[in-house]
Amino acid sequence: MISGLATGHLYCHSYDAEALENSLARKKEKYEKSIKDETNISKLAKVWWSQVDYKDSLDEVKMNWKTKRHKGSCRSVVFEVQENSVGEFLYSGGTDNVIKKASTETGKVVAKTDLSSNYENPKDAITTMAVSQTHPYLLAGTDDGHVYVYDSRQLSNDKVKFNLQNMHDDSVNKILPMNAVSPYHYLSLGSTTLTHFDIRKGILTQSDDQGDELLAMCYPTEYVNQGKNDTVLVSHGEGVVSLWRESSNRLSDQISRIKVNKNASIDAIVPTMNAGNENFSDCVWCGDSEGLIHRVDYKKSKVVETRVHSAAMGKLGGLDEVGGLDIDYDYRLISSGMEGLKVWSGEFESSDRENELHSSEDDHWSDSDEDDTASDSESESESDMTNHTTIGSDDVTADQLKKRIKVEDSDDSSDDGVVKKQKTNVSSAQGGLKEESGNNAASSDSAKRKEKKSKKKSSNNGIFKFDGI
C-alpha cells in the first residue's frame, strides 16, 4: 500500500493478510469467551485488532520504504496499470505541481515533470490523476478545471501530449478512464458537472448543472467485470449517490438517486468487486465526511450496511473523515482519512435476513425534505447507524453514537451489520462481535421479542490500523 501525506511524504507498506486474519480470529474468540453479560460499547477498554504506527513495522505489517517526495502536500497517488507493467511503477502528484514516477519496489524516482510551466494561473495546482490501462497516458486534473495528458514513458521531457483547458468551471475532482469505449475517452467530475471527453478533441458531452458538487465516481462491479463503461455511480456533496447511464441520455443527467447521509458529503466511492459474496454483487462502498462507511445496494436503492471508520466525533474529538476507499487483492476494504488508514477483515457471515429488509425513509431524512432533482426511482432508504464500530483508535460510547446519529430506543438489531430503520441496538459490542437478530415487527410485548432473539457473530472487522498518518 502507498500512503501520501499532507507533509509530502510517501510511505510504502506491505501486510500479511492471512496472519492478521488469524490473529484477529484468536483475539475475537478469547474476547467472546470472556463476555458473560451483554456488554455496552462504552464499557470496552481494549481493541482486538492490530494497531501500527505508520513509522513502525510488525511481523505482519512491514514498512518497505519511506521518502519525502513533494515540497507541498501529496494530493494523488496511482499505480501503473498497463498489462505489461501492472504495479511496477507508481505516480505521485503534489501541490508543488510536480509529478514523479517511481519504482514501487524501491521508491526510487525514475522520471518527473513540472506542470507549472503549462499553467496560465501560477496558483493552479494538481488535484487528481488517472492512468490508462492500455496506453501510456497519464492524466492530471487541476484546481482551475484543466486536464493535462502526458506520455508516461517520456515523463521527464516535460512535454504535454494533450492540453485540455476549462473542462470544468472549478476543480477537477475525479478522472475515470473509459477503456471499454476507447483509450482516448474519459469521464471527469468538477464542480457540479460530469464531463465525457476525448483527450484528442476535448469535451464530447457535459451534464446539466446538478446544483451540488460531484466528488467521486466508479463503475458498478458487474460493469467492471464485464468490461463495460455504460453506467457510473457518482457521489455528491449533499450526501447522496446518483446513477448515470450513457445509453439512457448520454450522461446529460442522473437517472436515479440514493440517499445515504444528508449530514455529510460522500467523498469516496468504490465497487465492492463482489467480495466472494452474492449480497455484495450489486453494492458499492461509500465513505463520508462524518467518518462513516456505507455499503449501498444501487439496484435496491438503499443503504444495507454502515461501519465506523473514525471513532472521534465532532465536539468530542477530531473528526477523521473518509477521504479514500480501495479494495485489496482479496477484496478486503481499505479506508483512509486524515489521521489513519484501516484495512477491514475479509471474513464475514452473510445475513439471512438482508433480503427481507424493507426500503423505507430513514430518520436522517425528514419527511419534509424536498429534492427537485430526484427521479421517480429515488431511494427512500438510508442507514441509521452502524453495528460495526471496528478499528476506531478510541473507544466509542453509546452517548457519542447517539449524538452522532439518531438512534431509537430498541433492543432489536440486524444481522451482519445491515442497518434497519426502526430498531437499532446501541449496546452491541464494539466491532459487532456480539450482535442480536430479533423480531423485525413492531410489538409492544418485549418478552416475546426477547424470546425470539438469537445471538450471532458478526464480521468485517478491521485487521489492522495505521495511527498518526
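Y148 is buried, at a relative accessible area of 0%. Buried here means under 20% relative accessible area, exposed means over 50%, and partly exposed is in between, with a 1.4 Å probe and protein chains only. Bear in mind that this is a predicted model: local features need pLDDT of at least 70, side-chain atom pairs count only at pLDDT 80 or more, and totals for chains, interfaces and linings use all residues. Residues are numbered from 1 along each chain as its sequence is written, and side-chain values use heavy atoms, with hydrogens and water left out.

What does Y148 pair with? Its ring forms a tilted pair with Y119, 5.8 Å centre to centre, with 50° between the planes. The rule: rings of Phe, Tyr and Trp (its six-membered ring) pair if their centres lie within 6.5 Å; planes under 30 degrees apart are stacked, over 60 edge-to-face, the rest tilted. Y119 sits in the loop between β8 (109–114) and β9 (126–131), and Y148 in strand β11 (residues 147–151), so the pair ties together parts 29 residues apart in sequence. Strands are DSSP runs of E, at least two residues; helices are runs of H or I, at least four; both are numbered from the N terminus. Y119 is also buried, at 10%.

Next pair. The ring centres of Y137 and Y184 are 6.0 Å apart and their planes are at 40°, so this pair is tilted. Y137 is in strand β10 (residues 137–142), Y184 in the loop between β13 (172–177) and β14 (185–190), 47 residues apart. Y137 is buried, at 8%. Y184 is partly exposed, at 21%. Ring pairs link Y137, F162 and Y184 into a cluster.

Now charges over rings. That needs NZ of Lys or CZ of Arg within 6 Å of the ring centre and within 35 degrees of the ring normal. R200 lies over the face of Y184, 3.9 Å from the ring centre. R295 has its charged end over the ring of F280, 4.1 Å from the centre.

On to the strands. Two strands pair if DSSP finds at least two bridges between them. β19 (residues 240–245) has 5 of its 6 residues buried. Strand β18 (residues 231–236) pairs with β19 in the antiparallel sense, over 5 bridges. S235 stands opposite V241. Their hairpin has 3 residues between the strands, and G239 takes a positive phi near 85° there. Strand β20 (residues 256–259) also pairs antiparallel with β19, over 4 bridges. There, V240 stands opposite K259.
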